[in-house]
Amino acid sequence: MHTKRFPSIITVMSLLALVGCGKQTFKVDLTTPEGAILSLEEAYRQRDIEKAVACKDFKVEAAHMMRDKPGLSSDEVLVKLAETLELAYRGQMKGGFPDMNGVTSTFPKKRDWGDGKVVVTEVCRYPDGGTSKQDILVASTDTGWKVMIPIK
């Protein structure tokens, strides 16, 4: 009787991990923190301000900024601050979107920040071979994950 030899599943998985096929990929949507970052970057590639704004939540960002100022964080102040943040962001984007063409992103780690927020480490690889690394605060909202601010 002739039997074929097949590699074990462990051997196959090990080989896939070695060649990079085991990397986790994320959908470009707001269902994960990483997907929210990728969605914002895709909006930049498309130069679409409305898609970019949809990847952010300025009220959550305003509340985050005011977290250490409880006497100032009334609903009225938070709404005004959120409006100001959105106007400033839109103004900044009128000056030019970040150039994300040809940039690929990986996310080597994520840590809980508390209060429905996480810090995602993003490593960008640019077409010229250069790289950058930054930590980005992302928040879980009723409408999905939203990109907030880079953490220094």
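A word on confidence to begin. What you see is a predicted model. The mean pLDDT of the chain is 86. Of its residues, 84% reach 70 or more. Now look at residues 1-22. There the pLDDT is below 50. Beyond near neighbours in sequence, that stretch has four contacts in the model.

Next, the overall layout. The chain has 152 residues, and 32% of them count as buried. Its secondary structure comes to five helices and four strands. How do the elements run from the N terminus on? The order is α-α-α-α-α-β-β-β-β.

Four strands make an open sheet, in the order β1-β2-β3-β4. The pairing is antiparallel. Which strands sit at the edges? They are β1 and β4, and each pairs on one side only. From one strand to the next, the twist averages 30 degrees.

Let's zoom in on β1 and β2. Strand β1 covers residues 104-114. Eight bridges join β1 to β2, and the two run antiparallel. Here are two bridge partners to find on screen. T106 has V123 in β2 as its partner. G114 has K117 in β2. The hairpin has two residues between the strands.

In soluble globular proteins, nonpolar side chains tend to be buried together. In this model, the largest nonpolar core has 29 residues. Those with the most contacts inside the core are I37, L40, Y44, Y89 and V138. Which elements give two or more residues to this core? From the helices, α2 (33-46), α3 (49-54), α4 (58-65) and α5 (75-94). From the strands, β2 (117-125), β3 (131-141) and β4 (144-151).

Last stop, Y89. Leave out residues up to four places away in sequence. Y89 then touches L40, Y44, I49, A52, V53, K56 and F58. L40 and Y44 were also on the list of residues with the most contacts inside the core.

Methods. Residues numbered from 1 in each chain as written. Predicted model: local features only at pLDDT ≥ 70, side-chain atom pairs only at ≥ 80, totals over all residues. Heavy atoms only, no water. Core = buried A, V, L, I, M, F, W, Y, C linked by side-chain atoms within 4.5 Å. Buried < 20%, exposed > 50% of the residue type's maximum accessible area, 1.4 Å probe, protein only. Contact = heavy atoms within 4.5 Å. Pairing = 2+ DSSP bridges. pLDDT = per-residue confidence, 0-100. Axes fitted to C-alpha atoms, helices over the stretch in contact; angles between N-to-C directions.
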